[in-house]
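Here is a briefing on one protein model.

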Amino acid sequence: MNRVVIVEVSRTAIGKQGGIHRNLDERMLITPLLQKHVAKLAQVDEVILGNIVGHGGNVARFSALNAGLNCPGLTIDTQCIAGLTALKVGMSYIQSGLADSLLIGGTESLSTSPYPTRAQFSPEEIGDPDMIETAMLQQKRSAMKPDLITAKTRMSYERALASLVHKKTIYNNETDEFLERADLKVLERVLAKQTNSVNPATSSRFSDGAALLTVVSENFALEHDLQPVLEVVATATTTVSPYDVPVAAITATQRLLEENNLQAKDIDRFDIVEAYATKIVAFQEVLGVSDSQLNPDGGALAYGHPYAASGIISVAHIFNTFIAEKNIEQAVVAAAGAGGIGQAFLLKRYH
């Protein structure tokens, strides 16, 4: 079975809905990243992208052509795990020998989305809860203390503002829009005024952004003088009730660790997509993950959450941390998707 390695990562700055990327749709956001990555490759077998609220058609094929790249394109919609699902598909392609060189990512433009309302996530007879409703249910069932939820929100902002690693992933040196305007004193005042634990301050915001990985077989990397940084070792997918969406990141991570004979203490860092602060609180409580292990560069609460791109953004941050810090070996990235699907990956330093 071919080893799967990541040799390059990049992303756009994350913009708020109606903000810095307001005139760029999901295809235009990803195009410069594709152009940057393809310039270093002798071949690209396929472009695989996650996208949720875009303009339809095959976003991956359109974007590839727009970047001057004539190769197949595959577009995936599994809601907020779509980027990670794209990585899962690409991983299987390379392991099986169906491909050697792939561009894998996620792209999302809430600003230009043609959809006035969200899609239906599950049948009416089951119930179709909004994501904020699932976060509230999680907070209630777990009896989470409000001060713990606000503490995790504060931690995400503090780490994002302090991190240098995440800035190295942005291809054109822009600044994430929410962080550019972030003020911890203002955040404290906003958190103090809220009466509910699940509120706009403890939730990620509607965002625009794209992220891309160059994922190749080990043999391809060696033959073309590419330097692998991360190996994509294993992945796990789980399902939960549509009412328990935030739990899906937990169950996927549990399965991933069990199937690879690992415990939480064996992992140097966990990067979990922070749709809601309640999700982070529960993740730590169930899995016994310490603050030092969790989202050391901050997360979507601070940066914003461009749906299909968020999981790939987390991988990009891990990639750059492994370059900067030579004493870490293993990382887990995980996310939960509307409808009740969880996806987790085990990433290791390439040796």
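Helix 12 is mostly covered, with 13 of its 15 residues buried. Buried means under 20% relative accessible area, exposed means over 50%, and partly exposed lies in between (1.4 Å probe, protein chains only). This is a predicted model: local features need pLDDT of at least 70 and side-chain atom pairs pLDDT 80 or more, while totals for chains, interfaces and linings use all residues. Residues are numbered from 1 along each chain as its sequence is written, and side-chain values use heavy atoms, without hydrogens and water.

**Helix 12**
- Helix 12 covers residues 310-324. Helices (H or I, at least four residues) and strands (E, at least two) are DSSP runs, numbered from the N terminus.
- From first C-alpha to last, helix 12 reaches 21 Å, close to the 21 Å expected at 1.5 Å a residue. The expected span is 1.5 Å times one less than the number of residues.

**Largest pocket**
- The largest pocket has a volume of about 880 Å³. A pocket is an open set of points on a 1 Å grid over the protein atoms alone, where a 1.4 Å probe fits, with protein on both sides within 12 Å along at least five of seven lines. Points are joined across faces, edges and corners, and the volume is the space filled by probe spheres set on them.
- The largest pocket is lined by 33 residues; Arg 118, Phe 121, Met 131, Phe 206 and Tyr 307 are the closest to its centre. Lining residues have an atom within 4 Å of a point.
- Helix 4 (residues 131-142) gives the most to this lining, with 3 residues.
- The lining of the largest pocket holds 19 nonpolar, 9 polar and 5 charged residues. Ala, Val, Leu, Ile, Met, Phe, Trp, Tyr, Cys and Pro count as nonpolar, Asp, Glu, Lys and Arg as charged, and the others, Gly among them, as polar.

**Second largest pocket**
- The volume of the second largest pocket is about 310 Å³.
- Its lining has 14 residues, with Tyr 157, Arg 181, Ala 182, Val 186 and Arg 205 nearest the centre.
- Helix 6 (177-180) and helix 7 (184-193) each supply at least two lining residues. Helix 7 gives the most, with 4 residues.
- By class, the lining of the second largest pocket has 9 nonpolar, no polar and 5 charged residues.

- Tyr 307 has a positive phi near 25° and is not a glycine. Tyr 307 sits in the loop between helix 11 (300-303) and helix 12. At 18% relative accessibility, Tyr 307 counts as buried.
- Asn 261, also not a glycine, has a positive phi of about 55°. The loop between helix 9 (247-259) and strand 8 (269-272) holds Asn 261. Asn 261 counts as exposed because its relative accessibility is 71%.

**Rings and charges**
- The count comes to 1 aromatic pair. Rings of Phe, Tyr and Trp (its six-membered ring) pair if their centres lie within 6.5 Å; planes under 30 degrees apart count as stacked, over 60 as edge-to-face and the rest as tilted.
- The ring centres of Phe 270 and Phe 283 are 5.8 Å apart and the planes are at 65°, so the pair is edge-to-face. The pair links distant parts of the chain, 13 residues apart: Phe 270 in strand 8 and Phe 283 in helix 10 (residues 277-287).
- Phe 270 is buried at 0% relative accessibility. Phe 283 is buried with a relative accessible area of 0%.
- The charged end of Arg 27 sits over the ring of Phe 62, 4.4 Å from its centre. A charge sits over a ring if NZ of Lys or CZ of Arg is within 6 Å of the ring centre and within 35 degrees of the ring normal.
- The charged end of Arg 11 sits over the ring of Tyr 303, 5.7 Å from its centre.
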